[in-house]
Every structure is written in C-alpha cells, then in structure tokens.
Amino acid sequence: MKYLVMVQGSQADYDAMSGKASEHSPAWSEKDLQAMFAFMGNLNNDLSESGEMIDGQGLTDPAQTRLVGLDDNGRPVITDGPYGETKEVLAGYWVLECESLERVTEIAKRINECPAPAGAPTPPVVIRPIQGGGGEGSVDCG
C-alpha cells in the first residue's frame, strides 16, 4: 500500500529555523539545523535501503507560496503567500510503499523523534493512504 506521510509546520517554524525566535519557537542554531538534516538524511537512507521510499521532499517556507483559485465569476485569482489565515502548512512529505498501516505509523513515530532545540514545537505528522496505491479498498483513478 502507498501512503503520503506529511509533516506540518507554520511560517513561525520556518522563521525559527532561519534564526528568528518567536513565542511559538526558539531560534534554531546552525548546529540544530545540521542535527535535523543529519536525522532526515539517515531516515531517508534507511527508507531507500528498505525499498519503502518512493519520494520525499522538504518544502520551502509559506512566504514563497502562490495560491491559484477562481472568483465568483470563474475568473482566476492569483495570490502570493504567506497567508495569515493559514495556521499550518505542509512542510515536507514522503511517498512510501509499506506493507501495513502499522509499519507506516512506526515511520511517522520516528519522524517525530527528529532533533530540535529545547522548547520547539513537535510538528504533527499526518498519514494518508494514496488511492490506487494498492491494498484492499484502493481505487484506481486513472
């Protein structure tokens, strides 16, 4: 079965990682960032070696986001980020092929062990099965 495993964050989290503290999170040092990158690199290597990794990426901060929608008349409306009304955003993701929900849950727990400075929030990790990703009840969309 294929799963999308997502780490959520906020603009404040990205600001903290660039050295700007807030009431939400302390400023991250270069040592903190290197520990996080080493942890994620080891995780990705382990998932690649086990054959479970299909893809995984960290995403840029919400300030670099562009939202494309439609107005009431069906005309395109394009807005550049960040979006103050959005508390959490997708910060990074993995597409994994795992034998069970229990296995992908083990991986999500490991993601939550990523080192961070004392007082930094632990971002939620969300697991979503991918439709058409194999397994019972999957739907092939095309």
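**Exercise 1. Describe the pairing of β3 with β4 in this predicted model.**

Step 1. Strands β3 (residues 66-70) and β4 (residues 76-80) run antiparallel and are joined by five bridges. Strands are DSSP runs of E with at least two residues, helices are runs of H or I with at least four residues, and both are numbered from the N terminus. Two strands pair if DSSP finds at least two bridges between them.

Step 2. V68 has I78 as its bridge partner in β4.

Step 3. Five residues lie between the strands of this hairpin, in which G74 takes a positive phi near 80 degrees.

Note on the model: it is predicted, so local features need pLDDT of at least 70 and side-chain atom pairs count only at pLDDT 80 or more, while totals for chains, interfaces and linings use all residues. Residues are numbered from 1 along each chain as its sequence is written, and side-chain values use heavy atoms, with hydrogens and water left out.

**Exercise 2. Give the strand order of the open four-stranded sheet and locate its edges.**

Step 1. The order is β2-β5-β1-β6, with antiparallel pairing.

Step 2. β2 (53-58) and β6 (125-129) each have a single partner strand, so one side of each is left without a neighbour in the sheet.

Step 3. From one strand to the next, the twist averages 20 degrees. Angles run from 0 to 180 degrees between N-to-C directions, and axes are lines fitted to C-alpha atoms, for helices over the stretch in contact.

Step 4. β1 (residues 2-9) is joined to β5 (residues 89-97) by eight bridges. Within β5, E97 is the bridge partner of K2, and L96 is that of Y3.

Step 5. β2 and β5 pair over five bridges; D55 stands opposite V95 in β5.

**Exercise 3. Which salt bridge does R103 form with E52, and what parts of the chain does the pair link?**

Step 1. A salt bridge is a side-chain nitrogen of Lys or Arg within 4 Å of a carboxyl oxygen of Asp or Glu. The whole structure has five.

Step 2. The side chains of E52 and R103 meet at 2.8 Å, N to O.

Step 3. E52 is in the loop between α2 and β2 and R103 in helix α3, 51 residues apart.
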